[in-house]
Amino acid sequence: MDDLFHNLVGSLFGYFCIMAILTSINEKAIRFAPVARALLIPCVISLTLGIMFYAYNHQLYGNMSILPAVKQDMSAIQIVKEWEPSEQSTACAVYKNKYAEDESYIQSIKSELAELENLTFSNSTRREDENWGFTGTDSNGTAVQILFFFRTGEWNYTSFAVNTLQLTEETAVQFRSRYENWMKGLGLLPENTEFSIQNGDTLRWDAVPAENVSKGSEAFQQGSVMMQFDESGKLSSFLYQMNWNEYIADENIISESEAYAQVEQGNFEQYIPFQPEDTLYVNQCELIYLYDTKGFYQPVYQFGGYVNNNENSWICQIPAIAI
């Protein structure tokens, strides 16, 4: 839908701009009234989009991807509540990813990795939605790629190698020392990480999970880092999924009961619609966290249950911050 909307707006804008130019050419003079009529719709579109972007840039937090485009039709189904939601409202911490939307971080990682591995990246950026990709080559001319996830600060590097090197105890120690020191030197590896070797070919670092995040007031890290190597011992895969979350503020959130009312109204995202005479059983609710479009880590209620029978599991998510 986003692509269709953007294509429609772009087509309309281009069409009416060309019409304004052709009007002036056909009349062999620039007359205000015909040109104004031709430019009226592009100006309205530009003004509307400008207001939308201005409002988005000035709102405190970003948008949540879990918000539905349209509500679910709940009129033909039955909802059975198998647990009792709490009526209590409280306040929860909100965080922001330290590297979200940080272009300087992207350029820094790209240049530091290029120096470490003797890589040459193209200056051109390939963008896929919010993600930034760079292609390049290693010292042997082999194609490589690094892809950054703009919203979360995560990134991954690959040389597209098919086979991976099975690590001996000696090579594992050598590779761990090399890349662990590199990451620590750049501040990319938290102190509270646990190291392991997976499947005999993958170096892995996991951040120790933070406790009681919703009531916290300090920065914390979460996620993992994984590396693999090709048969010649060169880095072939670098999956950096470490999130650096900084405390922003406490925000009041709605109660479980208020969130459940949103479920009853169908105000949630669901890819497969309910069928007539379905029975939705809701039996649990927990508070989790998700990133919004500005990199803020927000509390969200996640409801769980099943449709008709236990084999058809069901979940939905409702934003928790009180508006």
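Select Arg176 and Phe195: the charged end of Arg176 sits over the ring of Phe195, 4.1 Å from its centre. A charge counts as sitting over a ring if NZ of Lys or CZ of Arg is within 6 Å of the ring centre and within 35 degrees of the ring normal. This is a predicted model, where local features need pLDDT of at least 70, side-chain atom pairs count only at pLDDT 80 or more, and totals for chains, interfaces and linings use all residues. Residues are numbered from 1 along each chain as its sequence is written, and side-chain values use heavy atoms, with hydrogens and water left out.

Next, select Arg178, whose charged end sits over the ring of Tyr179, 5.2 Å from its centre.

Now turn to the ring pairs. The structure holds 23 aromatic pairs (rings of Phe, Tyr and Trp, its six-membered ring, with centres within 6.5 Å; planes under 30 degrees apart are stacked, over 60 edge-to-face, the rest tilted). Phe195 lies in strand S8 (residues 193-198) and Trp205 in strand S9 (residues 202-207), so the pair ties together parts 10 residues apart in sequence. Strands are DSSP runs (E, at least two residues), numbered from the N terminus.

Colour by accessibility. Phe195, at 24% relative accessibility, is partly exposed, while Trp205, at 0%, is buried. Buried means under 20% relative accessible area, exposed over 50%, and partly exposed in between (1.4 Å probe, protein chains only).

Phe220 is in strand S10 (residues 220-229) and Tyr297 in strand S13 (residues 296-307), 77 residues apart. Both Phe220 and Tyr297 are buried.

Conventions: Helices (H or I, at least four residues) and strands (E, at least two) are DSSP runs, numbered from the N terminus.
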